[in-house]
Amino acid sequence: MKRHFLLGIILLFSNKILAQTPQTYTNSAGDIHLAGEFDLSILRTDTTYHDWFDQYSNAFQLSGKNTDWKKRFENTEVEIFLGTWCGDSKRWVPQFVKLWKELGLDENQLKFTALYDGEERYKQGPNGEEKGKLIHRVPTFIFKEKDQ
């Protein structure tokens, strides 16, 4: 019985560790970038990304706190397609996340997918996550009502 319990605990925690390890690649310039779905915590904590994430997040100030936007977006999920190689993504994604949080919305409503740079797979995800979504520029924010 104890052995089954211990095995269950190990499997539970190993799944958490694996889920937090994002897919990365090295581009032709030798820079390491994210590819595919990843957790927001990667941008906040990984030494490769957190400097620019913090810089642009701290630069953003919400101009008015009296807004009913929270009610409008409580049942909304947002798919965010970005490139960790892209200046616009580096600027706008941290500011969007800060705005979302300051409005009192749940960050679990945000789904992040990093796309490749380079000629062969430019603005594509490793598993075709961008297919059918008409992504021509990054970042791209796709707002969807939950359960639709």
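Me: Is F73 buried or exposed, or partly exposed?

Reply: Buried means under 20% relative accessible area, exposed means over 50%, and partly exposed lies in between (1.4 Å probe, protein chains only). F73 has 25% relative accessibility, so F73 counts as partly exposed. This is a predicted model: local features need pLDDT of at least 70, side-chain atom pairs count only at pLDDT 80 or more, and totals for chains, interfaces and linings use all residues. Residues are numbered from 1 along each chain as its sequence is written, and side-chain values use heavy atoms, with hydrogens and water left out.

Me: How many aromatic pairs does a search of the whole structure find?

Reply: A pair of aromatic rings is described by the distance of the centres and the angle of the planes. Rings of Phe, Tyr and Trp (its six-membered ring) pair if their centres lie within 6.5 Å; planes under 30 degrees apart are stacked, over 60 edge-to-face, the rest tilted. The search finds eight pairs. Among them, F73 and W100 are tilted, at 6.0 Å centre to centre and 50° between the planes.

Me: Which parts does the pair tie together?

Reply: Helices (H or I, at least four residues) are DSSP runs, numbered from the N terminus. F73 lies in helix α4 (residues 69-73) and W100 in helix α5 (residues 87-102), so the pair links parts 27 residues apart in sequence. W100 is buried, at 3% relative accessible area.

Me: Which residues form one aromatic cluster?

Reply: F73, F96, W100, F141 and F143 form it.

Methods: Helices (H or I, at least four residues) and strands (E, at least two) are DSSP runs, numbered from the N terminus.
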